[in-house]
Amino acid sequence: MNYENFLAKIKEEIETYYDENTQVLIHKVIKNNNLEMDGLSILPKNHHLSPAVYLNDYYQAYCEGKNFDEIIHEILSVFHNYPCDIPFQIEDFKDFSKIKHHIVYKLINFNANKKLLQNTPFHRILDLALVFYVIFPTDGLGSATILIQKEHLHLWNISHDTLFQIAKENTPKILKPQLKKMSDLIEEFILEEYPDSEQALKELIPDPADDDAIPMYVLTNHLRLNGSATFLYDGILEAFSQKYDMDIFILPSSIHEVILVPANGIITKKTLQHMVKEVNTQEISDQERLSNQVYIFHKETHMITM
């Protein structure tokens, strides 16, 4: 079955579970780094919000032998578990007074997102673009988001500068920063996934002496989602560089976090840049990649350069 036939069959099968008062839609979505995805949404009558289940990976799984009925079951489970009591109505989106306190920002790569940025307000920073979105809480799923488009600025009758200032104020409050040693995060992850793995931890966690030689800290937000922009929060880098009394390397690990490394002369920017490229190529999905660059925060000038 080719991809187009797969999409049509998925839509046809999902429709059998609903009556004529529910729409089943498949629509193209441009995701981060200009990745085009096919999202399936289910909209009951008088509902305007629905999660999008992206079908591209399901087709890959189908080609690798996954049962079609199992795929249908997984898709349906997403919608069945989707909360119905979201404290947000689509009409609210037209009222800026109800939206302004939910506007935040995130970072994406500028060159890799030129198609997306044609219709999206953004603020250029280095080789990155700061874009804006509305975030609101949902029971069970953490949060739901809507990317802000240029048409929304016209709808709200606000300027780009106003949007930026509101997001600059909101983002650190809504998406609180989290800074932890990389070794601590590794330990947390392993203990969450494998509670009985203390011996494995002892073997995996680096020797503290090595960690002190080249300390690495992961900076993100408390959701660990689109958290790379936390290095732009006022005072974060200033405080970190003052603690170590030196410049700071900023490694864009992904769109979700950055790694801070004091520039103590033990490791060079060239070495770190090679490491970032290797990780991006081997470990980070295309959709989550932020940049191959390494940035430097200069302690004396408080400037960030590449």
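Tutor: A residue counts as buried under 20% relative accessible area and as exposed over 50%, and partly exposed in between. Please keep in mind that this is a predicted model.
Student: OK, so is lysine 11 buried, exposed or partly exposed?
Tutor: Lysine 11 has a relative accessible area of 28%, so the residue is partly exposed.
Student: And which residue does lysine 11 meet in a salt bridge?
Tutor: The partner is glutamate 15, with 2.7 Å from N to O; glutamate 15 is itself partly exposed, at 34% relative accessible area.
Student: Where do glutamate 15 and lysine 11 lie?
Tutor: Both belong to helix 1 (residues 3-15), where they are 4 residues apart, about one turn of the helix.
Student: How many salt bridges are there in the whole structure?
Tutor: The search finds 8. One of them pairs glutamate 36 with lysine 115, whose closest N and O atoms are 2.8 Å apart.
Student: What does the pair of glutamate 36 and lysine 115 tie together?
Tutor: Glutamate 36 lies in strand 2 (residues 35-44) and lysine 115 in helix 5 (residues 114-117), so this pair ties together parts that are 79 residues apart in sequence. Glutamate 36 is partly exposed at 39% relative accessibility, and lysine 115 is partly exposed too, with a relative accessible area of 41%.
Student: Switching to the core, which members of the largest nonpolar core touch the most other members?
Tutor: Of its 40 residues, Ile103, Ile148, Trp156, Ile250 and Leu260 do.
Student: And which strand gives the most to this core?
Tutor: That is strand 6 (residues 128-138), which contributes 7 residues.
Student: What is isoleucine 148 in contact with, leaving aside its neighbours within four places in sequence?
Tutor: Isoleucine 148 contacts Ile103, Thr120, Pro121, Phe132, Tyr133, Val134, Leu153, Trp156 and Leu163.
Student: What about the second core, which residues does it include?
Tutor: The second core is separate and has 18 residues, among them Phe6, Ile10, Ile14 and Ile75. As general background, nonpolar side chains tend to be buried together in soluble globular proteins.

Definitions and conventions
Residues are numbered from 1 along each chain as its sequence is written. This is a predicted model: local features need pLDDT of at least 70, side-chain atom pairs count only at pLDDT 80 or more; totals for chains, interfaces and linings use all residues. Side-chain values use heavy atoms; hydrogens and water are left out. A nonpolar core is a set of buried Ala, Val, Leu, Ile, Met, Phe, Trp, Tyr and Cys residues joined through side-chain atoms within 4.5 Å. Buried means under 20% relative accessible area, exposed over 50%, partly exposed in between (1.4 Å probe, protein chains only). Helices (H or I, at least four residues) and strands (E, at least two) are DSSP runs, numbered from the N terminus. Contact means heavy atoms within 4.5 Å. A salt bridge is a side-chain nitrogen of Lys or Arg within 4 Å of a carboxyl oxygen of Asp or Glu.
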